[in-house]
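Colleague: I would like to go through the charged pairs in this model and the reasoning behind each label.
Modeller: Go ahead.

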Amino acid sequence: MDNKMVEPTKKKRKRRKDKEELELEEFLFGSSSQIDSKNNDRDVGLQISKSLNALSDEKQRDEAKNVSNIMKDKQLKPAWVDEHDASVTVDVAAIPRLRKLRKTEAEKKMSGVEYEKRLRAQFEDINRGNDISWAALPENKDDEDPAFSLLRGTKGLLGNGNRVLPSKELKITRAKDANMTGRSDAVVRSTRFHPNGSVILTAGFDKTLRLFNIDGLRNPRILSLSFESFPIYNADFTADGYEVLCTSKRPYFFSVDVRTGKTTRIRGIKGRRDKSYEYFAMDRSLGSPYIAVVGAEGYIYMLSQKTKQMVFTLKCNSHVTSCSFSGDGNTLYSMCASGELYKWDVRKRRCIGRYQDEGSIRGTSVACSHDGSLLACGSSSGVANLYVSKEMSMAGQTPKPNKAFLNLTTSIDMLKYNSDGQILAMASSRSKDALRLIHVPSRTVFSNWPTQKTPLNFVSSIDFSPNSGYFAVGNVKGKVLLYRLNHYSTS
C-alpha cells in the first residue's frame, strides 16, 4: 500500500514541475505562438528598415540636389532659428564686457534679437580688415578675366582710395592684444607689421623675437626665437618680407629667415670697427632696397638687404639719432643730435639738402610720409615740427615748420606716418601715456583718443599696418596693444 501511495505522489510532483517550467518559459520568452509571431515581426521589421533606408537614401539625394540648387540661387537660409530669442532679455549694463554694445549709457536691457544684431555688427566692425572669404557665397567667375573685375569695381587700387579721414573724431576700437599668446618679459623695443599686413613681430629686452598672425580674435603665435646675450634694440622685416633683421648694442647682428626659422649671425660690417649697431632704418621699396645702419661719429652704412654687405657710406657732422626712407626709397632723411636734418639722394649717394630743425636743442626722431611730401621732426623738448618737403627745399637751411605740435613735454622718441599720410603718431617713452595721433590734413590732434582710461602705460614702440587698418602700441610691461582704425577697410 505504501508503494502505491508513493508513486502517484512522485508523478504529481513531476507534473507540477513541468507546469512551473512552462509558466516560467512563457513569462520569460513567451509562448510558442508569440515567438513565431515575433520572428515574423522581426522579418517584417527588417523589410521595413530596408525600405526606410532606401527611402532615406533617396531623400538624402533629393536634399543634396535641393542644397545645390539653393547654393546656385544664393538663397541660403539659417539651418536653425531659435523662436525664444524674441522673448529673451539681456542686461548689457550689468556685464562689463557687454557695455560696449550699448549705443547710449542710458540703455540697459535689450531683446535677444537686438542683442544678436549688435554682436554681429561688432564682429563685422572688428574683422573688417580680415579675410572672411570662407563665409562668402560661391560665384561662378571661371570665365571672367581678372582685369575686367578690377576695372569694373569702384574700390581704390591701394585698398582705401582717396577717402578723406574725418578730423574731429577718430573711430578706433580696441582688439585683442597682438601678443596675447606670447607676451614679452621685458620692454617691447620693436613692433613691426609684415608687408602683407597679416603678421606682426615683437622684440625687446627679453632677447626673444616673436611673430604673430593677426586675426583680431586670437592672434596665434607662429614663431618664437631666443638669442643668447642679445637684448634686441631694433627689429624689422625686409622689403620682401622673407627675413627679419635684429640688432643690439653688439658689434654683430642677426638675420632670421621667416619661412624656415633659420638664424644667421652677421659678424658686423666689413671694414668697420663699431661696437654697436643698435639702430637702423629699413627701405620698404621695390627693386634693390637698402638698410641704413647708424654707426659712430655720424656715419650711416648703406647695406644691401640681400647680401647684408655694405654698398656705400654717408657722413654727417654729428651723431645720427634717427633715419627715415621715403616710400620710393630714393630719398633718405637723417636727424642728428645737433638738431640738424640731412636729406640724401640714395641713387646719387650724396647730400642734397641740409636744414636746421627750428627750436630743436637735440634732435631725437624723424619720419617721412609714404609719398615723401611731408616730414616730421621730433626733439628732446617734446616739440614735433611738421614740414612740407617742397617748402623746405625753397626756404634754405632754416625752414619754418608748417605746424608745431606742443602736446608732449618729454623727448619724442617715436614718429610714424600711416600709409596715406593722414595720421601722424608721436610718442615719448619717458612719460606715462605719452602718445598722440595727429590729423595731418587739418593739422590738429585727435581729442577723443587716447583717453585717460586707455591702458598705454610707458610707450616703447608703435607701428601702423600697411593699409592702416591696425595700429599697434608696445609698452614697458611687455604688452603690444592692438587697435582697429575703423576708417580703413583693410589691414
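**Salt bridges and burial**

Modeller: In this predicted model, D463 is buried, its relative accessible area being 3%.

Colleague: What makes D463 buried?
Modeller: Buried requires a relative accessible area under 20%. D463 has 3%, so the label applies.

Colleague: Why is the pair of D463 and K416 called a salt bridge?
Modeller: The closest N and O atoms of D463 and K416 are 3.5 Å apart. The cut-off is 4 Å between a Lys or Arg side-chain nitrogen and an Asp or Glu carboxyl oxygen, so the pair qualifies. The two residues belong to distant parts of the chain, 47 residues apart: D463 is in strand β28 (residues 459-464) and K416 in strand β24 (residues 414-417).

Colleague: Why is K416 called partly exposed?
Modeller: K416 has a relative accessible area of 29%. That value lies between the limits of 20% and 50%, so K416 is partly exposed.

Colleague: How do you know that R192 forms a salt bridge with D236?
Modeller: Their closest N and O atoms are 3.9 Å apart, which is within 4 Å, so the pair counts. R192 lies in strand β4 (residues 188-193) and D236 in strand β8 (residues 234-237), so the pair ties together parts 44 residues apart in sequence. D236 is buried, at 8% relative accessible area.

Colleague: What accessible areas do R183 and D177 have?
Modeller: R183 is partly exposed at 40%, whereas D177 is buried at 6%. They form a salt bridge, with the closest N and O atoms 3.1 Å apart.

Colleague: How many salt bridges does a search of the whole structure find?
Modeller: The search finds 14.

Key: Residues are numbered from 1 along each chain as its sequence is written. This is a predicted model: local features need pLDDT of at least 70, side-chain atom pairs count only at pLDDT 80 or more; totals for chains, interfaces and linings use all residues. Side-chain values use heavy atoms; hydrogens and water are left out. Buried means under 20% relative accessible area, exposed over 50%, partly exposed in between (1.4 Å probe, protein chains only). Helices (H or I, at least four residues) and strands (E, at least two) are DSSP runs, numbered from the N terminus.
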